[in-house]
Amino acid sequence: MSSLNQLKLKTLALGIALNFAAAPVVFAEDTPADTCASAASLFKDGDIEGALEEAQWCVTQLEQLKQGKVSAFFKDEINGFKGGKLDHQQAMGISMIERNYSKDGKIIKVSLSGGASGAANNAFAALASFGMQSVNGKKLRIQRRTAIASAEDGNNQIVVTLKSGGVLTFESNDLNSDDVTDFAKAFPVADLDDSRR
């Protein structure tokens, strides 16, 4: 292992150890606190492979906790529409949360996509911003965020660029553009965005 990688691992382990040494809280088994502390302990004992595995699991658990907090903004009912099953997916550093909402047989799909971590989110935001510049549609503001409304082959879509990085998309084949816009304005866009910072 190169000295740079060893230094990075030591810095990570030291940061984790310092954070948990300063926190006088007792945590239950299998919490991020346990796995992060375990990573630091394994590192102290010289088990680099074990420490790395525990540190990766710690990060995974923390990402899941963050995703759970964000999911709370996909409320069970918005603007008279009832929420269906909430779907979470994560692959290759990209996270996606989706939920369909329905009312009177009409469906609107809401999806949040972005990086699973801060650095990935920043890269995703840059790509999304670049992509938004090439999309034809009407620009509008939703809860002080830039959005683009577009329609193609009966699919009406509102794409909101979030300040925290990522994109929140509202789309429907059943509703007109005004109805999709009204739903997007009723969705807690700003609160969701602020929770991700």
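Which residues is F170 in contact with, leaving aside its neighbours within four places in sequence? Contact here means heavy atoms within 4.5 Å, and the partners of F170 are I108, K109, V110, N156, Q157, I158, V160, V180, F183, A184, F187 and V189. The model is predicted: local features need pLDDT of at least 70, side-chain atom pairs count only at pLDDT 80 or more, and totals for chains, interfaces and linings use all residues. Residues are numbered from 1 along each chain as its sequence is written, and side-chain values use heavy atoms, without hydrogens and water.

**Aromatic pairs**
- The whole structure holds 6 aromatic pairs, with ring centres of Phe, Tyr or Trp (its six-membered ring) within 6.5 Å; planes under 30 degrees apart count as stacked, over 60 as edge-to-face and the rest as tilted.
- F74 and F187 form an edge-to-face pair, at 5.3 Å centre to centre and 80° between the planes.
- This pair links residues 113 apart in the chain, and both F74 and F187 are buried (under 20% relative accessible area; exposed is over 50% and partly exposed in between, with a 1.4 Å probe and protein chains only).
- F170 and F183 are also edge-to-face, with centres 6.1 Å apart and planes at 65°.
- Ring pairs join F74, F81, Y101, F170, F183 and F187 into a cluster.

Technical notes: Helices (H or I, at least four residues) and strands (E, at least two) are DSSP runs, numbered from the N terminus.
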